[in-house]
Amino acid sequence: MNFDIITLFPALFDSPLQAGVLGRALEKQLFHIEIHNLRNWADPPHFVVDDAPYGGGGGMVMKPEPIHRAMETVRRKNPRSRVLLMTPQGRTFRQRDAISLAREEGLIFLCGRYEGIDERVRSWVDDEFSIGDFVLSGGEFAALVMVDAIARLVPGVLGNELSAGADSFGDGLLEYPHFTRPAEFAGMRVPEVLLSGNHGQIARWRRRESLRRTLQRRPDLLDSAELTGEDRAFLESLRKRPEEDQRR
Ligand code: SAM
């Protein structure tokens, strides 16, 4: 898979892409990433990439011509890549988007700065994403968030394919809680079932904890999660005794 990033600040991508899972995967060439400096497509001698907004007002707007040239060049190399514009006005990026975008051959991320990008650029992009209802100073952080979430789903990147499947949102629910050694710490004991070695019981406990967490923290997710009859009965029992559940 190819990731191309068009940005005015290429240096922002240096260290986040060197460390951890992504760094190792890049070394193994499990995916490729190229950072393109938008200024290279601006006109000499001043290589200006922004201009004052028509109609007045504060701030500067990114000019359309360098962006168009950059996108054309990058697209020529990877014609099947989807172009994604980073914008707080896009649809909110979710795990299900990460899953479907991880199946693409390539993705081109367009990062805005200043007041944003000339509106006409929107007609050349395939999709527009926001990473949440807040305003960042640039699209670079949004692109990094998305690259991280998508690249870890590329086969081989995590090493253990199972771990992504069980993650929160993978099955529409929040993930169950995790514990490691020691079995007792600061007066708190790991739930006995996890020490039992009984895999059937452990799986059942995890499913129930996942349902419990989702009900407590993100009940909205339950509307679209795939639930069995047993899941529904368990949730119903929790709803009937919410006081006890609040203590967990
Ligand atoms: N004036 C714009 C508005 O109100 O919609 C915000 C511009 S913001 C300061 C500069 C750039 O940061 C945007 O063009 C976009 O690329 C990026 N950005 C800011 N917040 C974002 C978010 N929540 N998700 C994705 N990109 C974001």
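Here are a few notes on the fold as a whole and on one tryptophan.

1. Ground rules first: this is a predicted model, with local features needing pLDDT of at least 70, side-chain atom pairs counting only at pLDDT 80 or more, and totals for chains, interfaces and linings using all residues. Numbering runs from 1 along each chain as its sequence is written, and side-chain values use heavy atoms, leaving out hydrogens and water.

2. On secondary structure, the protein has nine helices and nine strands (DSSP runs numbered from the N terminus: H or I of at least four residues for helices, E of at least two for strands).

3. For overall dimensions, the radius of gyration is 23 Å, whereas a compact globule of 248 residues would come in near 18 Å (C-alpha atoms; the globule rule is 2.2 Å times the number of residues to the power 0.38). Along the principal axes, the C-alpha atoms fill a box of roughly 70 × 45 × 35 Å.

4. Among contacts (heavy atoms within 4.5 Å) with a separation of 6 or more, 73% join residues 24 or more positions apart.

5. Now Trp41, which sits in the loop between β2 (32-37) and β3 (50-51). Trp41 counts as buried because its relative accessibility is 17%. Leaving aside residues up to four places away in sequence, Trp41 touches His36, Pro66, Arg69, Ala70 and Thr73. His68 is 27 residues from Trp41 in sequence, with 8.8 Å between their C-alpha atoms.

Methods:
Buried < 20%, exposed > 50% of the residue type's maximum accessible area, 1.4 Å probe, protein only.
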